[in-house]
Amino acid sequence: MSSMTFELTATFEQTPGSEVSQMPDGVVVYQTARERVHYLNPTASLVYDLCGETESMGAISAYLQDAFSLSAPPSDEVSQCLIQLLSEGLIAQC
């Protein structure tokens, strides 16, 4: 699945049936139907939150670039994070 690529306009949404708990250093997502727990670091939790707003990959990359004062959008890193969140069933592509 790591060879998957997304267009900058690709949008994602959080899948239903998860309970999210804020932690000091990220979030814990519990998938009730699968009885699985996922720990997301602060950056992954931002990506996950933005998927909850059905943001595009390009918008997520631009948000992280601004939030962390990066010289370029972290498109490759966001793509890898999205792939991981998809593989765990936490998000779905719209």
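Buried here means under 20% relative accessible area, and the model is a predicted one.

Q: What share of the 94 residues of the protein chain counts as buried?
A: Let's start with the whole chain, applying the cut-off of under 20% relative accessible area. Of the 94 residues, the share that counts as buried is 34%.

Q: In what pattern do helices and strands follow each other along the sequence?
A: The protein chain has 3 helices and 5 strands. Read along the sequence, their pattern is β-β-β-β-α-α-α-β.

Q: What is the radius of gyration of the protein chain?
A: For 94 residues the globule rule gives 12 Å. The protein chain comes close to that, so it is as compact as a globular protein of that length. Its radius of gyration is 13 Å.

Q: Among contacts between residues at least 6 apart in sequence, what percentage joins residues at least 24 apart?
A: Contact here means heavy atoms within 4.5 Å. Among the contacts in question, the part joining residues at least 24 apart is 54%.

Q: Which residue's side chain makes a polar contact with the side chain of E88?
A: Leaving aside neighbours within four places in sequence, E88 is in contact with Q31, R34, R36 and H38. One of these has a side chain that makes a polar contact with that of E88, at 3.1 Å, and that residue is R36.

Key. Residues numbered from 1 in each chain as written. Predicted model: local features only at pLDDT ≥ 70, side-chain atom pairs only at ≥ 80, totals over all residues. Heavy atoms only, no water. Helix = DSSP H or I, 4+ residues; strand = E, 2+ residues; numbered from the N terminus. Rg over C-alpha atoms; globule rule 2.2 N^0.38 Å. Buried < 20%, exposed > 50% of the residue type's maximum accessible area, 1.4 Å probe, protein only. Polar contact = N/O pair within 3.5 Å; in protein donor to acceptor, adjacent residues only side chain to side chain.
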